[in-house]
Structure formats: structure tokens, C-alpha cells
Amino acid sequence: MKKVLVLLVVLVAMTGLVFAAGAQEAEDDKITIVVMPKLVGIPYFNASEEGALQAGEDLGVEVIYTGPTTADAAEQVKMLEDLISKGVDVIAVAPNDAVALTPVLMKAKNAGIVIFDWDTPADPSVVDISVHQIDDQKFGEHMWDLLVEEMGPTGEYAIVTGGLSAANLNTWIDYGLDYAKMNYPGLKLVTDRVPTDEKQQVAYQKTLDLIKAYPNLKGIVGVSTPAPLGAAQAVQEKGKNDSIAVVGSSLPTDSGPYLEDGSLRVGTLWDPAKLGYLTVVLAYNYLNGTKPYDGQEIENVGTITVWDDNRTVIMGPPADFTKENYASYSF
Amino acid sequence: MQSKLKKVFSSKEGVLFVIFVLIFILMSILSPHKFLSNYNIQSLAYQLPEFGILSLSMMLIIMTGGINLSLTFTATLSMIVGGLAMSSSFESTGMAFLSVLIGVVIMLLVSAVLGMFNGLVVSYIGVTPMLATLGASTLFEGISLNITKGGAISGFPFMFLNIGNSAILGIPVPMIIFIVVLVYMWILLEKSRMGAAIVMIGCNPKVAEYSGIRVKKILFQTYIISGILAGIAGIIMASRYNSAKESYGSSYLLQSVAASVLGGTNISGGEGKVLGTLLAAMILQIISSGLNIFGLNRYLTNVLMGFILILVLAINFITDYLKKNK
């Protein structure tokens, strides 16, 4: 038993040394900006991590990019509580659920931390600056425009979405549906939006089911980055590239193979790396007393729009990815 | 004296305690001013109870030889139904205390009913626990989503937030609830006839049946208790997050299995200690918070947790083996 205990002590001590060597504690006088995504480890948030860290390097500030490994609001709350203990200057968070984070963000604010949200809005009453990638209404409408461009103004279509509780996805779909009702009365939605847990595999399965259940399906809108890929994969497997048009929000490099064979007609999105970059730059400016203003030119990002409330920042219009241009993007 | 000490440290709980102390010291060395800060110790005390109670609930079921995969969705469905009742009664009557009371009672009732459902399917219909609770988890999630339409239920009276966010005599309210649950669980498992029956069922249900234990009834009751515990965790979570939603705490599901097993619960049933699970939950909690403060990549945190889990299991196996061959 003694031996086992000794072994244990040595092991734990070793692990400690390894980690102590691998990372360093933040110096207290350096500005520390936390950028927290909904979850880590999906291509979208990996891309924004690159942008955020790059901005940290360019500006000479410490950027901590960390988040839960599953899209769980409870996990985010715990991590934020820990980060308040750590003591940081700015917390920029993409909440999995806005209300759930209100108490902890309030705590952070009381501790003197500047609160940003990015990618997805948090409770406006606790947020100092809200960084949006896009105008939600325009983006929703844009996706339906793309759909009609590819499948024509009449016919059956379905919506494959990341999850039923994701506020931004729901907002785009709601705007898109309203827009379709007004402008494309010939479109017929076959079933409620189909949730896919933000997973390509699930989107693929559910799309196979959709194709089987609705033989006259002409179009699919995939909302959330893995959804259009899964849908395209299913369409390709069933050899329906010509009869079913898949469009949606996807990352260009991931979409490449599907754009090449035509199972995905067009993808649309903003550059998540730029979004991460912009968030860090704005946080840095804010700490130095410069608030964002309309028409401000941000280096490496472009011209931003700021709403009349002086705290909602819009990064810019979406970019469309097609067979011809996808290779020119790096994310 | 020495042999007594030796006995304590060669028990599973003793090993866990040593590990806990070592990790605590390690974390304190890694970030001295932050990990040991008053604020962080407070925030640990607020974070632990919801996870600890879910782990105890999971442990109870694992002890019977089953597993409860619907644990977190039991918690969230009951908080959604209770939360809905609470916010709508607060809206219509404006009476905070009454609404909180209604909400909490309904949360507990719903969790008991959901536990009852699991118990019914497992003990009386005889479906394997893993399949029964997997099905139940999808069912509960589906019902939750139908109620919330994917959003969160909010608009609770301010008084309700006190449950998860305030302290009495410096002790956080969730911690007090957790201590009550711990004492109850200890009495249930160590001192009551039902506890003995649960252990026997976990070891061998057939033998238990032949020795006059009403296996079905005990199993049924165990699932109800597990459900109510999940409901209590749900109340704390709803209060801490000021809202109710189906996905809250989803990451706790496998962590609670990990805490149970790390705490010395035999995954095939028949063995489990409240103290062990408590220590295991505390270990996982300080690793998670400590490394987060330290600023370690979240994946590595998961890797390290898995590593420690396997390490402890290996140590337990080796000590058991050595004991048998003495």
C-alpha cells in the first residue's frame, strides 16, 4: 500500500510539473481579455480562436480563448465564475443561453470586469458592447434568396437547423420565413425545422429521413455550420444533386468537396476569424477609452456599422461561397 | 494507532482523501493568490452542490446495478414544469412567496413522477436500466422542448434566486441543501434496511429475491429517490441560472457517472459509499475550477480528468488484488 501511495504522490507531482512548465500564470499588469465561445472544438469556433489570438498578438495583450467542450450554459457559468476568481479585464462571451448567464455576468460586472458579447447576444442589461457578425434580418433573408435562386420560386423545401434552442439560428429562420411568406408564396415548408445537435452526422441522418418522407423535396436550407454539409452528404449519397438544392450557412473549406460535386449549391457566412479579431480589438479599444463608432475602420477587418444605441456593432455583410471561389478562403 | 492510520489510508475513501489534499495543494501552488482567494473558495462552494447531488443520485442507481441516463433531463424537465408554474403564478398573483412555494413543490413532484416512471419501466416491466433510462432521457428532453419551444423559462420571482445565490451565516444555501442530502443519503445507505436491501440487490438480485427482499418494490423506490434528488439539483440550477432550459447541466451526466465510479462505487452494483462519492465530486470540481483559473486548455482538463479516473480505478484494483492475495 505504501508503495502505491508513494507512486501516486510522484505521479501527481509529475503531472503538476509538466503543466507548470507548459503554461504560465498571467502577469497581473498585462491586459487580459477572455473570449469564450459557445463550445470549443468545432471548425467555426476554431477559426474565431485563430482570429482572437492573432489580435492579442498584434496588440500585445493576453487573450484567453476558452469555453466548454459541450454547448452547455451551466458549464459556461462555472467557467465564468472561475475566470472572475482569476481576475481578468474583459469577458467577451457567446452565450449558449442568454438568461442563464445574467447572474454570473452581473457578478463579473460588480467585480469591475467589462462585459462584451459576441456571435450571440447576451442579456442587454449587463452587456457593455455587443459584437454582431451580421445583421440578422439581412442574413435570414439572404439565405432564402439563395434558396430561391437555386430551386426556383415554387416547390417543397425543408429547414435543417443546428438546434431548437439556439437564439441566433432561430432568429435567422424566423426572418427568413417571414420574408418567404411575403415574397415567395410558392415555397412550401414540408415540416417544422429539424434539429441536428450541431452535428454533421445527425444532419446527414435526418436529411436521409427527409428525402425518404418527402419525395417531392426540391430544396433544403441548412442553418448552423455543420447542417448544410450533412444535408449535402445525404443528397449526394442519394444521387439527388440535380433535383434537390442545398444552400445554407457553412464554412468554405469544409464545404469544398460538396460544392465541387454540386450537392451543396452555395454556402454563405461571415469570416469567424475576423469576428474573433474584431472582438479583441474592440475590447482593447474599450479599455483604452475608445468606444466603437459607426463607419469606424478596423484594421484587418473592414468598416463596421454601429447602431444608434451606441453598443451594438455589426461586422459587415455576408460572403457567399461557391464552387468557383471557395478555395480563396482560409477558414 | 499506526495500524489504525494505515487502515484509514488503505481504504478507498482514504486514498481519495489523500488525492484530494494533494490536488488541492497542487492547485494552490499553481495559482496561489487566485485559487486560495476567498472569492474562489466561495464560488467552489456554490458550484459543488448541484454536481454533488446529481452524483449521489447516479451513485444510488449504479449501486442497484443499473444506470440513470435520464438524470440531467429529469432535473431539467422538473425545473421547466415547476418554473413555468412559478413564473405564471407570480405573473397572475404577484405573490412571491406563494409562487416560489408552488414552483418548488411542483419541481419536486414532477421529479418524483419522472423517477416513478423510470422505476416502473425498470422494475415492473423489466427493461434493462440502460435502455429504459436512455429512452426516458429522449422522452423527457422531447417533452421539455415541446414546452419551452427551445427557449428558456424565466421571469422567476427575485426570492427564488436566493436558493442558489445567497448564504446563511456565511454558508451558501446550496451547500446547506447539499449537507442535508448527504446526511439523508448516509442514513439511507448505511443505517437503514432499505440501504442494505439496495446493496444486496446490486450484488445479486436473485439471491436478494430468495432472501425475502421485495426486489421490485425496492428498485421502484430507489428510482423515485434518485428522481427527487435530480429534482433538488434542478431547483438549485434553476435558481443559480435564473431560468430553466432543457440543456442545463447536460455535461453533468457523464461526470456524475465518473464521480460515482471514482468514489468507489462498483459499476456492476452492490457497492458504494456516500463519502467516496462526495470526495470524488470534490476532486473533479477542484480540478475543473483550478485548471480553469490556471488557464489550461479545456481539452487537457478533460484528458487529465480521464487520467485521474483511470489512475484511481487502477489503484483500487491493485489494492483489492493485494488484499485478496495476502
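Residues are numbered from 1 along each chain as its sequence is written, and chains are lettered from A, with ligands numbered from 1, in the order in which they are written. Local features need pLDDT of at least 70 and side-chain atom pairs count only at pLDDT 80 or more, whereas totals for chains, interfaces and linings use all residues of this predicted model.

**View 1. Confidence of the model and of chain B.** The model scores ipTM 0.72 and pTM 0.75.

**View 2. The contact between chain A and chain B.** Chain B contributes 45 residues and chain A 40 residues to the contact, where two residues are in contact if their C-beta atoms, placed from the backbone, lie within 7 Å. On the side of chain B that touches chain A, at least two residues come from each of α1 (2-10), α2 (12-30), α4 (38-63), α12 (215-241), α14 (274-294) and α15 (298-324) of chain B; helices (H or I, at least four residues) and strands (E, at least two) are DSSP runs, numbered from the N terminus. The most is given by α15(B), with 7 residues. By class, this side of chain B has 20 nonpolar, 21 polar and 4 charged residues, with Ala, Val, Leu, Ile, Met, Phe, Trp, Tyr, Cys and Pro counted as nonpolar, Asp, Glu, Lys and Arg as charged, and the others, Gly among them, as polar.

**View 3. Helix α3(A) against helix α14(B).** The axes of α3(A) and α14(B) come within 8 Å and cross at roughly 50 degrees, the axes being lines fitted to C-alpha atoms, for helices over the stretch in contact, and the angles running from 0 to 180 degrees between N-to-C directions. The two helices are therefore oblique to each other, since angles under 35 degrees count as roughly parallel, over 145 as roughly antiparallel, 65 to 115 as roughly perpendicular and the rest as oblique. Met79(A), Asp82(A), Ser85(A) and Lys86(A) of α3(A) meet Ser289(B), Asn292(B) and Ile293(B) of α14(B), a set that divides into 2 nonpolar, 3 polar and 2 charged residues.

**View 4. Helices α3(A) and α4(A).** Within chain A, α3 (residues 73-86) and α4 (residues 98-110) pack at an angle of about 5 degrees, with their axes 9 Å apart, and are therefore roughly parallel to each other. The residues in contact include Leu80(A) and Ile84(A) of α3(A), and Leu101(A) and Val104(A) of α4(A). By class, the contact of α3(A) with α4(A) has 8 nonpolar, 1 polar and 2 charged residues.

**View 5. The open sheet of chain A.** Seen here is an open sheet of 7 strands in the order β2-β1-β3-β4-β5-β15-β14 (chain A), with mixed pairing; two strands pair if DSSP finds at least two bridges between them. Because β2 (62-65) and β14 (305-306) of chain A stand at the edges, each with a single partner strand, one side of each is left without a neighbour in the sheet. Strands β4 (residues 114-118) and β5 (residues 129-132) of chain A pair in the parallel sense over 3 bridges, and Phe116(A) stands opposite Ile129(A) in β5(A). Helix α2 (residues 43-59) of chain A lies across β1 (32-36) and β2 of chain A, and runs at about 165 degrees to β2(A).
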